[in-house]
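Here are my notes for you to read alongside the model.

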Amino acid sequence: MSVLDRNRLDEEASPYLRQHADNPVNWQPWDGAALEAARGTDRPIFLSIGYSACHWCHVMEEESFADETVAEVLNEEFVPIKVDREERPDVDSVYMTVCQLVTGRGGWPLSAFLTPDGRPFYVGTYFPRDPKGNSPGFLDLCRRVADSWADPDQREEMENRADQWTAAAEDELEGTPTPADGAREPPDADFLDSAASSALRAADREHGGFGSSGPKFPNPGRLHLLLRAYDRTGREAYREVVEETLTAMADGGMYDHLGGGFHRYATDRSWTVPHFEKMLYDQATLAPAYLAGYQVTGDERYAAVARETFAFVEREMQHDAGGFFSTLDAQSEDPETGEREEGAFFVWTPEDVDEAVEDDADADLFRRRFGVSSAGNFEGGRTVLTLAESVDSLAAEHGMDAAEVRDRLDSAVERARAYRETRPRPARDEKVLAGWNGLMISAFAHGALVLDPALAGTAERALSFVRERLWDADARRLTRRWKDGDAKVTGYLEDYAFLGRGAFDLYQATGDVEHLAFAMDLARVVTEEFWDAAERTLYFTPESGESLVARPQELGDQSTPSSTGVAASLLLDLAGFAPDEPFREVAEGVLDTHSRTVETDPLGHATLALAADTRAVGSLELTVAADSLPESWRERLAGEYLPDRLLTVRPPTEAGLEEWLDALGLAEAPPIWAGREARDGPTIYACRSYTCSPPTGDVEAALEWVERLAPGGEEGGSPGSDAATGAGPGPF
């Protein structure tokens, strides 16, 4: 029996693939058996790429993939392959790039017709079953492609097109600047201000965010660029754009005002109606943006949003053993119709509020506060909750004081939350991805330093989960995905870079050398498997991994940060701990290679731009010699925005440091620790660009030095080689 004679997705652990296991289409996973079957039968491949929380993926399944007539054509004329983009971002990157190059747009589901050896010759996204407007019907399209493939003349044209598109994808994904493109100096300290000015010009000063229309996507990288530039220059407009954006996202419908956490994006300019899926990576990247906003502005609302986001992740997106799940679906069953509808779990009518809250006065306050009306702001007269009226306004209108209004709203929110829990819940994609977990671990580590040290425990449980299930310590290699005991897919650059970043940030939060050692292990694999010394770049796929028709790089920020940018930043940070490793060489090589790209389009490459800025000005090293970071010091640092801070806690004595060096496999103390032992109790050293403060037991004194050591500020202290300070040259 041929593999093509049945739907094989019931053998897969991916929830997205299993959603299609009952289709009459004989779906194949992307594997050797399916690809060999395509070559052996000389059939074209129909490739469908999506993910479990994708709304239009569900629509196309219901309309086409569950249809017997469509299935008959796909099964007889094609090798139909289904890919979960979250499991196989490399496959998605290649064919999405072609789609964007050819059609000028992209999205999911991605629908691509390929030659038997994987070269694309027709691409698109969602197709209705039957023609609709300007869109061809999927059934007709499949028949026409099959007829053309069977015609020798037309097939030759298709093969030629496949060659051209594959060459274009190779140029787009694999290409790096050549010397003929003109050598450029790497970005200097002034580049940050230029990049932030670009973000300022792109900002929507009326509604927050970027762009003058919808949809609106969160862009945390741009917010970090603006905040760092504000810290550097004091230009108020940079801070104002960040505040406008953070406030708009938190007040609008993209934020879940009952359960915490963020939906994927807003469909409109005013952040009112979201696309309702909740992705782990959005929580992981937005929480640190709110923490940074809190540090800069002191606005407790931003801290509350971060806390509520962490609480949502712990409550709804965490495996009992600690790992973080991937997504919550946009759709769920509507309690009244029984049909799966987008947003059904989250939207409200006035009658819903009355039933949930019970007390008429409290229900009225709830409706006014969150904008629930009979007209609604969503389909069918339903309302996505937003902050429509302020507490002070409600207090004045109802003749109450603000404290009473808050108490009554708190009670109403609790009742509404309990009522919402009786609704059918959105499905949860319970696969655990190494890279996305790394992002979330990093976010919890930041939260532990800024909000509550207990959050580090959540991060440590997640890191342990991933290490136990996805890291092969003997082979020193990482697997990307775990689901119900099944580990699969070779790790990509994002898995190593994001998880390495998370482990390193957790070391900064806890002072546990084991986390630092793991970050260094992951970084070593980055330099071994993903660095191409000839092209001086990092590729997304490992050298020893599967070969596709193109080997992608990931330079720009998308829904997740650029894996190349995160890797460069991580390698720069780790270079001070392991100067004999090629960490700095690789990071600087990448930043040199792509300097023109970063300077030309800093907003599309915000993570790389931030890494380039760190390279230009150096990190602020705060080395603490103590058994652990004193709690009073943590509390003081929690309120201090230090965007390029590198916080390292080392043992107070040289004897204790020797044990750490053994654990890390280092022959001698690296510059960041050498000579920086404790002096009469916990001691802090502040260093930047070969200039260090005197060792001190007073964190306030160290922070005063930080002000003078800031880029562009007055230089203070003695040279880093001054033996009296005990501080050798820093890594930056």
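1. Please begin with the side chains of Asp117 and Arg119, which meet in a salt bridge with N and O 3.0 Å apart. The term stands for a side-chain nitrogen of Lys or Arg within 4 Å of a carboxyl oxygen of Asp or Glu. Asp117 is partly exposed at 43% relative accessible area, while Arg119 counts as buried at 14%. Here buried means under 20% relative accessible area, exposed means over 50%, and partly exposed lies in between (1.4 Å probe, protein chains only).

2. A word on the basis of these notes: this is a predicted model, in which local features need pLDDT of at least 70 and side-chain atom pairs count only at pLDDT 80 or more, whereas totals for chains, interfaces and linings use all residues. Residues are numbered from 1 along each chain as its sequence is written, and side-chain values use heavy atoms, with hydrogens and water left out.

3. Glu206 forms a salt bridge with Arg269, their closest N and O atoms being 3.5 Å apart. Glu206 sits in the loop between helix H8 (191-202) and helix H9 (220-233), and Arg269 in the loop between strand S5 (265-266) and strand S6 (274-275), 63 residues apart. Helices (H or I, at least four residues) and strands (E, at least two) are DSSP runs, numbered from the N terminus. Glu206 is exposed at 60%; Arg269 is partly exposed at 28%.

4. The other pair is Asp354 and Arg367, whose side chains meet in a salt bridge at 2.4 Å, N to O. Asp354 is partly exposed at 39%, whereas Arg367 is buried at 18%. Returning to the opening pair, salt bridges with shared partners join Asp42, Asp117, Arg119, Arg155, Glu159 and Asp163 into one network. The structure holds 72 salt bridges.

5. Next, have a look at the open sheet of four strands, ordered S2-S1-S3-S4 with mixed pairing. Two strands pair if DSSP finds at least two bridges between them. Strand S2 (79-84) and strand S4 (120-124) each have a single partner strand, so one side of each has no neighbour in the sheet. From one strand to the next, the twist averages 20°. Strand S1 (residues 45-50) and strand S3 (residues 110-114) pair antiparallel over five bridges, and Ser48 stands opposite Ser111 in S3. Helix H6 (residues 138-150) lies across S1, S3 and S4, at about 15° to S3.

6. There is also an open sheet of three strands, in the order S7-S8-S11, with antiparallel pairing. Its edges are strand S7 (278-279) and strand S11 (428-429). Two bridges join S7 to strand S8 (residues 327-328), and Met279 stands opposite Thr327 in S8.

7. Last, a helix pair. The axes of helix H21 (residues 563-575) and helix H22 (residues 583-593) come within 8 Å and cross at roughly 145°. Such axes are lines fitted to C-alpha atoms, for helices over the stretch in contact, with angles from 0 to 180 degrees between N-to-C directions. Contact means heavy atoms within 4.5 Å. Among the residues making this contact are Leu571 and Leu572 of H21 and Phe583 and Val586 of H22.
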